[in-house]
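Dear colleague,

I am passing a structure on to you, and my notes on it follow below.

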Amino acid sequence: EKLAPASMTKMMTSFIIEQKLLAGELTEDEKVRMNESAWCRGSSSESCMYVPLNGTATALEMLRGIIIQSGNDASKAVAEHLAGSETAFAELMNGEAKRLGMKDTQFKNATGLSEEGHYTSANDMALLAHAIIKDSSKYYPIYSEKEFTYNNIKQGNRNALLFTDPTVDGLKTGHTDEAGYCLTASSKRGSMRLISVVMGTPSMQARADQTRALFNWGFSNFETAQIRPKGQELAKPVVWFGQAENVSVGLASDMNVTLARGEKDKLQISLQVPSSLDAPIKQGQEIGKIIASLNGKPVAEQALVALQAVEQANFFVRVWHGIKRFFTNFF
């Protein structure tokens, strides 16, 4: 359902900043100016970082001001710094949303202030949260910081669960009259992480209580199981024209899947790997995929890769392999 996201919008603003920092297109100590178009005029009616007019803060300070203090001023200032205007930055936001598969989202601004045509869905917010946790892991700890002081003004994180549940480590609250009280949160207990999104609740207490209830239900009824570990040989197809006759194929990272408790033993595992390959083969080259299914329906899949390289053989071996394969295929 398409709903107003309020300040949960800033998750996309912060994600873009984080990706720019990681790509080297922005530096942590780069100065960002607070123009009049972004400045908070001492307002108490909206969330602000309170950077002085025409003052500057570093990109990393602005990021903290956006995530922890939910600063509208910081969001607008960085949007203008990166894209020239908040409208142009919204186009960047929509481009990222499309790339992440957020099909029910359209951003009109960097803050989440109510505007016609500015909407998202709970599912899309979960996709964005997953991307932040996975692709912005260097900066993800900021989402669990309980307070931030800037310009001698200390403000606390509005995510109440950070203060009451040590397993919760993010992400972002939001509130407007149109959106109600919203919260995208994540909790990790043991090796299992869950993401929860609630939108349109009537109070701060309600969004915290409903999120807590979702996490308790999820951790009670689901478990994360390892399907196969990384580096284990899962197939050994024939290699033609190579210095080795076979290549080991496996996973570059552990394959895990989250299921209802008790369903792990019901999984069916299948491999899609060609019976033979031609050298040269690079280590890490994608060879095929592994699929985990439950009751005939795929629930997870992951690429299989070459666990080591196979260099091309010398000319005479390649000629011999060509003859050998011809007769093998012919007969």
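Leaving aside its neighbours within four places in sequence, lysine 289 is in contact (heavy atoms within 4.5 Å) with Ser270, Leu271, Gln272, Glu301, Gln302, Ala303 and Leu304. Please bear in mind that this is a predicted model, in which local features need pLDDT of at least 70 and side-chain atom pairs count only at pLDDT 80 or more, while totals for chains, interfaces and linings use all residues. Residues are numbered from 1 along each chain as its sequence is written, and side-chain values use heavy atoms, with hydrogens and water left out.

Lysine 289 belongs to strand 14 (residues 286–294), where strands (E, at least two residues) and helices (H or I, at least four) are DSSP runs numbered from the N terminus. Its relative accessibility is 27%, so lysine 289 counts as partly exposed (buried being under 20% relative accessible area, exposed over 50%, and partly exposed in between, with a 1.4 Å probe and protein chains only).

Strand 14 pairs with strand 15 in the antiparallel sense over eight bridges, pairing requiring that DSSP finds at least two bridges between two strands; within this pair, isoleucine 290 has glutamine 302 as its bridge partner. The hairpin of these two strands has two residues between them, and asparagine 295 there takes a positive phi near 55°. Strand 15 (residues 297–306) is also joined to strand 10 (residues 249–250) by two bridges, the two running antiparallel, and glycine 250 has valine 305 as its bridge partner.

Best regards
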